[in-house]
Amino acid sequence: MKRRNGSSDSLLTKAGGELDDRFKLAGPARVLFNKVFPDHWSFLLGEIALFSFILLLLSGTFLALFFEPSMVEVTYHGAYVPLQGIEMSRAYESALDLSFEVRGGLFMRQMHHWATLLFMASILIHMLRIFFTGAFRAPRETNWMIGILLFWVGFFEGFFGYSLPDDGLSGTGLRIMEGMTASVPFIGPWASAALFRGQFPGTDVISMIYIIHVFIFPLILLALITVHVALVFIQKHTQWPGPGRTEHNVVGFRMFPNYVMKQVGFMLFIWGVIAAMAGLFQINPIWLFGPYEVSVVSSASQPDFYVMYLDGLIRLFPAWEFRVPPYFTLPAVFWPAIAGMGLSVLLPLVYPALERRFTKDRGHHNLLQRPRDNPGRTSLGVMVVVFWTVGAVSGGNDVFAEKFDISLNAMTWAGRIGIVILPIIAYYLTYRICLGLQQHDREVLAHGLETGILMRDPNGRFYEVHQPLAEPDEHGHTELEYNGWVVPKKMNRVGALPPTDRGFFKSIEEPSENGAARDEIESGKH
Amino acid sequence: MAASAKRRRGWRKRLGALARFTGALVIVGGLYSVFSPSLYAQEAEDNAIDSEVVKGQELYDTSCISCHGDDGEGIEGRGPSLIGVGSAAVEFQVNTGRMPMAAQGAQAPDSDYPVFTEEEAAWLGAYIEYLGGGATVPDDLEALVENANVGEGGDLYRVNCGSCHGYAGGGGALSSGAHAPALTGVSDEEIYQAMLTGPQNMPVFADNELTPEQKADIIAYVQYIVNDDRDPGGVFTLGRYGPSTEGLAIFLVGMTALLLTTLWIAGKS
């Protein structure tokens, strides 16, 4: 065989060359492959949402092949015995057939639902990371706002999704949403009539939200996600402060091969976790809810967790109805449901602008802040988390009351008081903890590390030996600047102890020769 | 002497009258027994019931009377009257360990260790039945449940029972500390007794609201979803409490696993 010119040219390289000749790919690919990403575990949280979304598109496409959003009345003759002979809509019947008679259908349905919960949960966790580290600051406010919109589009997309099967629980959810819509002053009844075509979700609404669920909202989500990720590329990823890291560079790994390999591995891992949950944990057992009838409302009728805090607010809010008879009634549900949701959309959207205004900080920030270094913002964030958690727990307060033998009335009142008091307590405690952590950082920088070695001087005084982090002055103090990154707090962080063994199940490092010799001495061979 | 002879003659006269009266009684009684033999049988049965009633009353007077009062008349603020509640109510409350109640509370909790045996509960039931009648479980319940329609029962369950006991019999909270218990591990008789008599906060589903056949349908459905349903969709049902435990699971299982993964992946550089 004739030896080719330039033996290092593999077939792949040659194919790449041919492609480049035609499509001019080398330039953009080089830029892409050499793009640098900083490495930190907390930067991977958004990816969970991204990869869940891809799985949602794939599993949703499978489900759409078998689900029929038809409200034609049929009599069930399928595989599930307790529903045989029951009148139901074709939508519910096809969801049952999809679960019991399509091969792998139930698994795909459960995977779709678990992926939804993971999508929304990871958006929340990712948002907390962005908030607490100040990553939303200029120049990234737009991307923060897009992220907030992604959450709310996902919120309604999820709600529409679990409303589709027309089972007892989803019909109850639609009815509650209808009541919330109708509570809006002046336009409420008309809006409700236009969207739901009647007081109880009837024959029109399912086919309408089907097309929103499978086409319009996924398209909006896809567009927003594309812009979201593109902006991360264009504006570059934020990074933690640290050696060699400034506001004007990015220290990390190249996209290819390091980052791509990690991302692909992470994606497969996420899909694996979702698949494992779909196989192990039953979710949304629609066959137990039965077909939707207006008179059927089960106890423990909760929405999915991302809607649950709103449900909790509705449960906690007192029955304060505002009336101007006979012209006008403002039902109590308006305040928690519509005003509450409106504020939940609006406040996060404008938060970056508010912070800019109140701190008068107009600079560009590519370096992140540790949560302790901005105690005001951190405490505000914890306050919101506590508020949300009390709301979400109150959304399931009947389940809590029943399972933990607490009076439901006591749960409601604990929620009412807690949702006002606990965020304030949380704000104060978080603020103090942040200041304490800051102070400890400064203390270590000034006095050195605590070694754990206690000494007693001739006067009888006990003291702990400190290891200074630099050459101390005559008072034993070190003048070190805090640079916004982790200060070592333990001696083994500065090399006092040998590094821990590497390896997952057993050490992957060979014992040193001295070590081997010692083993022999200890075993009595010498 | 004449007086004493006269007295003796009087005695004889009286003894004769007594003998005649006794003879007449024997004749009438004999005739009665000949013409109505069923009365004796009835009396024998009454005696058997009486012995159960008496045993029931003995138990009642030691364990129930402090709240439900003399002869089941009830005591204001302590316990309701039991006249007319029937043996079905008594046997349900006693056999599930709800009665005797350990303490006054929002609701008598059920217990796995009832104070009385089933036989003693039947005696108590007989006593309460004796006081004022009331509802009883039909003898052919087993046959009714065997021929029941599970699908029909599901429909009835969702309309009548699910709003408190939950879509899958997991139970649910009611106001002020009361609750509708989970329906796991209950017998057909207990479900029937509960529907018939409406214990604690439960409404009464009398036979003119749900016929015995419809009650049997509901029993068949409850036993199906609680025992025979092979839980399609997973090894774990998450307690069938609906989306609240699903939300907990996504954070405690899914999110936790993936957060550990992020630490692992970011650590491998």
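This is a predicted model: local features need pLDDT of at least 70, side-chain atom pairs count only at pLDDT 80 or more; totals for chains, interfaces and linings use all residues.
Chain A holds 17 helices and eight strands. Its C-alpha trace spans about 85 × 85 × 60 Å along the principal axes. Of the 526 residues in chain A, 35% are buried. Take the contacts in chain A between residues at least 6 apart in sequence: 70% of them join residues at least 24 apart.

## What the UniProt record says about chain A

An unreviewed UniProt entry annotates residues 15-241 of chain A as "domain: Cytochrome b/b6 N-terminal region profile". In the model, that span is 69% helix and 4% strand, and its end C-alpha atoms lie 42 Å apart.

UniProt also lists "transmembrane region" for several spans of chain A in an unreviewed entry, including 41-67, 113-132, 144-164 and 413-431. Residues 144-164 of chain A are 95% helix and 0% strand, with 30 Å between the end C-alpha atoms. Residues 413-431 of chain A are 100% helix and 0% strand, and here the end C-alpha atoms are 27 Å apart.

Chain B has 11 helices and two strands. Following the sequence, the pattern reads α-α-α-α-α-α-α-α-β-β-α-α-α. The radius of gyration of chain B is 31 Å, whereas a compact globule of 269 residues would have one near 18 Å. The dimensions of the C-alpha trace of chain B are about 140 × 40 × 30 Å along its principal axes.

Four domains are assigned in chain B: domain 1 (2-36), domain 2 (42-132), domain 3 (141-229) and domain 4 (241-269). Between the C-alpha centres of domain 3 and domain 4 of chain B there are 38 Å. Buried residues account for 36% of the 269 residues in chain B. Among contacts in chain B between residues at least 6 apart in sequence, 68% link residues at least 24 apart.

For chain B, UniProt places "transmembrane region" at residues 21-40 and 247-266, again in an unreviewed entry. Residues 247-266 of chain B are 100% helix and 0% strand in the model, with end C-alpha atoms 27 Å apart.

## Where the two chains meet

The contact between the chains involves 57 residues from chain A and 54 residues from chain B. On the chain A side, the elements that give two or more residues are helices H3 (45-66), H5 (105-132), H10 (255-280), H11 (286-289), H12 (305-316), H15 (397-403) and H16 (408-447). H10(A) provides the largest share of that side, nine residues. By residue type, the chain A side divides into 35 nonpolar, 17 polar and five charged.

## A closer look at helix H12 of chain A

H12(A) is worth a visit in your viewer. This helix has 12 residues and reaches 17 Å from its first C-alpha to its last, close to the 16 Å expected at 1.5 Å a residue. In H12(A), 11 of the 12 residues are buried, so this helix is largely enclosed by the rest of the structure. Among the buried residues are A:Phe305, A:Tyr306, A:Met308, A:Asp311 and A:Leu316.

What do the buried residues of H12(A) pack against? Within chain A, their partners are H5, helix H6 (141-163), helix H13 (334-359), helix H14 (375-395) and H16. From chain B, helix H11 (243-267) joins the packing.

## An exposed alanine for contrast

Now turn to A:Ala194, which lies in helix H8 (residues 188-196) of chain A. Is A:Ala194 buried or exposed? A:Ala194 has 10 other C-beta atoms within 10 Å, so this residue is exposed; the cut-off for exposed is 12 or fewer. From A:Ala194 to A:Val205 the C-alpha to C-alpha distance is 9.9 Å, and the two are 11 residues apart in sequence.

Key
Residues are numbered from 1 along each chain as its sequence is written. Chains are lettered from A and ligands numbered from 1 in the order in which they are written. UniProt positions are given in the numbering used here, feature names are shortened, and annotations may be inferred rather than shown by experiment. The radius of gyration is taken over C-alpha atoms; the globule rule is 2.2 Å times the number of residues to the power 0.38. A residue is buried if 20 or more other C-beta atoms lie within 10 Å of its own, exposed if 12 or fewer, and partly exposed in between; C-beta atoms are placed from the backbone. Two residues are in contact if their C-beta atoms, placed from the backbone, lie within 7 Å. Domain bounds come from an automatic or database domain assignment. Ala, Val, Leu, Ile, Met, Phe, Trp, Tyr, Cys and Pro count as nonpolar, Asp, Glu, Lys and Arg as charged, and the others, Gly among them, as polar. The expected span of a helix is 1.5 Å times one less than its number of residues.
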